[in-house]
Amino acid sequence: MLHEGNHMLETHVRPIRALAVLVVCAGLTALAATAQEPADRLATAAQQSSVEQPSALPSGRTDYRTLADYEHDMLALAEEHPDLVQPFTLPHRSTEGRAVMGIEVTRDVRARDGKPVLLIVGMHHGNEWASGEATMEFGFDLADNPRHDPAIERLLGRVRVVLVPVVNVDGFVRNTRRTATNVDMNRNYGFGWGESPPFQGSGPFSEPETRNMRDLISSR
């Protein structure tokens with residue numbers, strides 16, 4: 001199965017929404033204080049509005065990741081949980097020469113166990129940052145909580161979860177929807193190719209990013 005990270009289970013999206021609510025509420029509180037307090041207390045209100053709110057995310061982060069952050073976090077999870085997490089690099093580098101990394105998460109991760117695979121990827125579109133964050137945070141949730149959450153323990157005993165937080169690495173670095181060759185990844189797959197000009201590419205799977213997805217799915 002292939003799910004975009006921003007269509008993940010509600011239980012794993014809720015922390016991101018919670019963080020957003022905290023930040024918005026903090027800003028509204030500061031705005032109200034500014035309107036009501038005299039001028040000599042404006043500086044105090046500004047300081048209060050800039051206080052960093054605690055994170056509700058599994059990783060504890062409070063800001064968006066860079067590509068280097070994603071790569072670091074995936075390798076760190078594998079190092080901290082060697083029986084649960086295994087990193088991998090997809091076979092095709094991007095047009096601009098960047099590697100595309102992912103992780104597999106399951107009990108006895110290096111075993112050839114024939115478990116069914118759940119594949120979740122983020123950022124087919126490089127400027128849809130939340131999809132990459134949700135995918136990466138799900139990885140943290142799976143790796144860190146098996147001992148505390150029986151549902152996750154059962155899941156990892158039965159299913160192999162494959163996560164690729166940033167599929168379109170060039171688009172992410174450029175902060176653009178499309179790849180470095182101006183192709184929309186969603187329109188470059190074989191099914192229905194040619195129905196969405198002008199951003200579908202020169203042919204089905206013409207881009208290394210979509211070939212990575214094809215090869216990853218075909219190998220499982």
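At 47% relative accessibility, Y64 is partly exposed (buried means under 20% relative accessible area, exposed over 50%, partly exposed in between, with a 1.4 Å probe and protein chains only). The model is predicted: local features need pLDDT of at least 70, side-chain atom pairs count only at pLDDT 80 or more, and totals for chains, interfaces and linings use all residues. Residues are numbered from 1 along each chain as its sequence is written, and side-chain values use heavy atoms, with hydrogens and water left out.

**Aromatic pairs**

- Rings of Phe, Tyr and Trp (its six-membered ring) pair if their centres lie within 6.5 Å; planes under 30 degrees apart are stacked, over 60 edge-to-face, and the rest tilted.
- The count by this rule is four aromatic pairs.
- One of them joins Y64 and W129 edge-to-face, with 5.2 Å centre to centre and 65° between the planes.
- Y64 sits in the loop between α2 (42-49) and α3 (67-80), and W129 in helix α4 (residues 129-144), so this pair ties together parts 65 residues apart in sequence.
- Helices (H or I, at least four residues) and strands (E, at least two) are DSSP runs, numbered from the N terminus.
- W129 is partly exposed, at 34% relative accessibility.
- W129 also pairs with F172: the ring centres are 6.3 Å apart and the planes at 85°, so this pair is edge-to-face.
- F172 is buried, at 8% relative accessibility.
- Y64, Y70, W129 and F172 are linked into a cluster by ring pairs.

**Charges over rings**

- A charge sits over a ring if NZ of Lys or CZ of Arg is within 6 Å of the ring centre and within 35 degrees of the ring normal.
- R178 lies over the face of F199, 3.9 Å from the ring centre.
- R214 lies over the face of F205, 5.0 Å from the ring centre.

- Strand β3 (residues 101-105) has five of its five residues buried, so the rest of the structure largely encloses it.
- M101, I103 and V105 point one way from β3, while G102 and E104 point the other way; all are buried.
- Two strands pair if DSSP finds at least two bridges between them.
- β3 runs antiparallel to strand β2 (residues 85-89), joined by five bridges.
- V85 has V105 of β3 as its bridge partner.
- β3 also runs antiparallel to strand β5 (residues 160-164), joined by three bridges.
- Here V105 stands opposite V161 in β5.
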